[in-house]
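Hi there,

Have a look at it first, then read on.

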Amino acid sequence: FRKDLESIGFVFNPYDPCVANKMIDSKQHTVRFHVDDLKSSHVNSKVNDEFLKWLNKMYGGYGEVKATRGKVHDYLGMTFDFSEEGKVIVDMVDYITAMIDDFPTKLTQDDIAPTPAAEDLFAQGKGEMLVKNTADEFHTFVAKALFACKRARPDIHTATSVLCTRTKSPIEDDGKKLLRMMKYLNRTKEDKLILSADDLHIIKWYVDASFAVHPDFKSHTGGVATFGRGAPYTMSRKQKLNTRSSTEAELVGADDLSTMILWTKLFMEAQGYEIKKNILYQDNKSAILLETNGKKSSSKRTRALNIRYFFLTDQVEKKNLTIEHCPTTEMIGDYMTKPLQGKLFEKFRKEIMGH
């Protein structure tokens, strides 16, 4: 398929093997595909008409290539709605509803929770090991939640990421934490992710870390990316090594996000959008000094830290990103590092979901 697209003038984005572009009438025709599903877009609908004819000419012998046209598209458990100018609404209401209906514990309209997780989310908890059938169900629903949180429900990402670490040997307490998240989904099942951009030439990354919060005293990285409204990408991940201070944990967190931060810039520029600002926001000034100045800001406490965490210093010098301070009360990435509650939870949740 790639060879056929290239034969008619498409050029593939070097940072994504499933995205190709071609200029037609001075406007970009973009094709992106996943397995046997494909999305074609151009400002002139006739270009899409001709492309559909070409697809059927090339591959119609295997079966008709069918197309869905318009502002609303269903794809892999999601509905993409482009009806409102300048935004896309990603809807997984049917998926979440089916997930609740299939859950072994039947939830009524009164079985709700204010947040996806209580404050003891990271605690090891107590209780017997779940029996095999129950453990398998636990694994299944954590996987379903993972699928949802990486697409249209980033508000459950933190709870899901922690539950993912318990799938091999879940205990009764883990089952209770899953039930809490399901009750939250039961309360918010109608919620949709709303994405729009203030400026496609500016990417903002909010990166934070919670120090030594896991039972093995590893820290937890949280990250949120946005172009203006809503979060098209989030990260909530247990760190892979132990750190000795909150500053080191913040450095590890920034490194955890660095690949995505730089890849996104390169991908967008290959799509024709020059990135004028690629901003990494953090709330730890010591970490910012280390990332900006490298070894010049290193002390006895940090000099033993693996040199790879000064990789960002080199990227700052090359102007691939800038690092700026963000007050803790505005640090959206904090949502992905711990089970927030109350007003701060609602504030960050609305920003992440684009509400």
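Before the tour, one definition: strands here are DSSP runs of E with at least two residues, numbered from the N terminus. Please also keep in mind that this is a predicted model.

Let's begin with a single residue. Ser-219 sits in the loop that links strand S9 (202-210) and strand S10 (220-226). Is Ser-219 buried or exposed? Buried counts as under 20% relative accessible area. Ser-219 has a relative accessible area of 0%, so it is buried. Leaving aside residues up to four places away in sequence, Ser-219 touches several others, including Ser-210, Phe-211, Val-213, His-214, Arg-237 and Thr-243.

Now for the strands on either side of that loop. S9 shows both kinds of pairing. With S10, S9 pairs in the antiparallel sense over 7 bridges, and Ala-209 stands opposite Thr-221 of S10. With strand S13 (residues 277-282), S9 runs parallel, joined by 5 bridges. Here Lys-204 has Ile-279 in S13 as its bridge partner. S9 is largely enclosed by the rest of the structure, because 7 of its 9 residues are buried.

There is also an open sheet to find. It has 5 strands in the order S5-S6-S7-S8-S11, and the pairing is antiparallel. Which strands are at its edges? They are strand S5 (72-75) and strand S11 (228-229), each of which pairs on one side only. S11 pairs with strand S8 (residues 193-197) over 2 bridges, in the antiparallel sense, and Ser-196 stands opposite Arg-229 of S11.

Finally, take a look at the second largest pocket, which holds about 200 Å³ of space. Two elements give two or more residues each to its lining: helix H4 (132-149) and helix H6 (172-188). Among the lining residues are Phe-103, Pro-104, Leu-130, Glu-137, Phe-141, Lys-176 and Leu-179. What is the make-up of this lining in nonpolar, polar and charged residues? The residues divide into 7 nonpolar, 3 polar and 2 charged.

If you want one place to start, find Ser-219 in its loop between S9 and S10, and then follow S9 across to S13, its parallel partner.

Definitions and conventions. Residues numbered from 1 in each chain as written. Predicted model: local features only at pLDDT ≥ 70, side-chain atom pairs only at ≥ 80, totals over all residues. Heavy atoms only, no water. 1 Å grid on protein atoms, 1.4 Å probe; cavity = no way out; pocket = protein on both sides within 12 Å on 5 of 7 lines; lining within 4 Å. Points joined across faces, edges and corners; volume = space filled by probe spheres on them. Helix = DSSP H or I, 4+ residues; strand = E, 2+ residues; numbered from the N terminus. Nonpolar A, V, L, I, M, F, W, Y, C, P; charged D, E, K, R; others polar. Buried < 20%, exposed > 50% of the residue type's maximum accessible area, 1.4 Å probe, protein only. Contact = heavy atoms within 4.5 Å. Pairing = 2+ DSSP bridges.
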